[in-house]
Amino acid sequence: MLHLILVLSGVTVGMAMPLLDYYSYSTAVGDGSGTEYSTAYDGRVTGIRVWEHSNAYIRGIQLRYDGNWTTPVCTSNGNPLEMSFRDNESIIQVSGKHYSGYIYELMFVTSRGRSLKVGQPYGNSFNFYPTNDGSELRFLSGRQNGNGITSIGAHWAVYYTGDNSAA
């Protein structure tokens with residue numbers, strides 16, 4: 001009986017383990033001062049909002065998962081630039097610039113070739129993308145200091161629907 005339980009446990013673990021192969025992380029850039037943040041939420045990313053300090057650094061970020069907006073990261077003062085995604089569209093690249101303690105520019109590119117570019121092209125460049133085919137942006141993380149975003153990293157994975165099949 002004990003042998004049967006061990007074998008069944010191995011089957012369960014074996015079925016769950018391959019999902020880890022579809023996750024990747026783009027290491028955060030920026031100086032990283034302030035408080036940690038994460039936009040992680042259930043569902044698929046279906047929209048994004050970004051706030052810019054007038055002709056300067058990125059002040060805030062907000063993602064929409066299915067129909068639900070996350071709490072804005074840092075600040076939501078002013079008018080954001082926003083992009084809503086079409087059916088089966090996802091973010092497959094995040095790039096931008098960082099300088100002097102802040103993220104100055106962000107560009108999000110979708111699987112349909114559309115993009116949202118916010119901020120100023122000033123500083124050191126970065127480029128994030130998934131390491132696995134079929135992966136998409138699942139959430140962002142980093143640090144913010146109340147005035148703006150001081151670091152950003154991207155988490156990528158294949159999106160699975162409730163029936164365990166890739167969308």
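**Salt bridges**

Begin with the charged pairs: this predicted model holds 5 salt bridges.

Select arginine 143 and glutamate 36. Their side chains meet in a salt bridge, 3.4 Å from N to O. Arginine 143 lies in strand E12 and glutamate 36 in strand E2 (residues 35–38), so this pair ties together parts 107 residues apart in sequence. Arginine 143 is partly exposed, at 26% relative accessibility. Glutamate 36 is exposed, with a relative accessible area of 61%.

Next, select glutamate 136 and arginine 44. Here the salt bridge spans 2.7 Å, N to O. Glutamate 136 belongs to strand E12 and arginine 44 to the loop between E2 and E3, so the bridge ties together parts 92 residues apart in sequence. Are these two residues buried or exposed? Both glutamate 136 and arginine 44 are buried.

Now select arginine 49 and glutamate 82. Their side chains form a salt bridge at 2.9 Å, N to O. Arginine 49 sits in strand E3 and glutamate 82 in strand E7 (residues 81–84), so distant parts of the chain, 33 residues apart, are linked. Arginine 49 is partly exposed, with a relative accessible area of 21%. Glutamate 82 also counts as partly exposed, at 40% relative accessibility.

**Arginine 49 and a ring**

The charged end of arginine 49 sits over the ring of tryptophan 69, 3.8 Å from the ring centre.

**Aromatic pairs**

Switch to the rings. The structure holds 7 aromatic pairs. Select tyrosine 41 and tyrosine 65. Their ring centres are 5.7 Å apart and their planes stand at 40 degrees, so the pair is tilted. Tyrosine 41 lies in the loop between E2 and E3 and tyrosine 65 in strand E4, so the pair ties together parts 24 residues apart in sequence. Tyrosine 41 is partly exposed, at 41% relative accessibility. Tyrosine 65 is buried, with a relative accessible area of 0%.

Then select Tyr57, Tyr99, Tyr102, Tyr104 and Tyr122. These tyrosines form one aromatic cluster.

**The nonpolar core**

Hide the surface and go inside. The largest nonpolar core has 27 residues. Which of its residues touch the most other members? They are Leu106 and Ile152. Colour the strands that supply at least two core residues each: E3 (45–52), E4 (58–65), E8 (91–99), E9 (102–110), E10 (115–119), E11 (124–128), E12 (135–144) and E13 (149–158).

Centre the view on isoleucine 152. Leave aside its neighbours within four places in sequence. Its contacts then include Thr27, Ala28, Val29 and Tyr37. Ile61, Ile103 and Leu106 are also in contact with isoleucine 152.

Finish in the loops, with the backbone shown. Most residues other than glycine have a negative phi.

Select asparagine 88, in the loop between E7 and E8. Its phi is positive, about 60 degrees, although asparagine 88 is not a glycine. Asparagine 88 counts as exposed, at 58% relative accessibility.

Last, select serine 100, in the loop between E8 and E9. The phi of serine 100 is also positive, near 50 degrees. Serine 100 is exposed too, at 54% relative accessibility.

Terms used: Residues numbered from 1 in each chain as written. Predicted model: local features only at pLDDT ≥ 70, side-chain atom pairs only at ≥ 80, totals over all residues. Heavy atoms only, no water. Core = buried A, V, L, I, M, F, W, Y, C linked by side-chain atoms within 4.5 Å. Buried < 20%, exposed > 50% of the residue type's maximum accessible area, 1.4 Å probe, protein only. Helix = DSSP H or I, 4+ residues; strand = E, 2+ residues; numbered from the N terminus. Contact = heavy atoms within 4.5 Å. Salt bridge = Lys/Arg side-chain N within 4 Å of Asp/Glu carboxyl O. Phe/Tyr/Trp six-rings, centres within 6.5 Å; stacked < 30°, edge-to-face > 60°. Lys NZ or Arg CZ within 6 Å of the ring centre and 35° of its normal.
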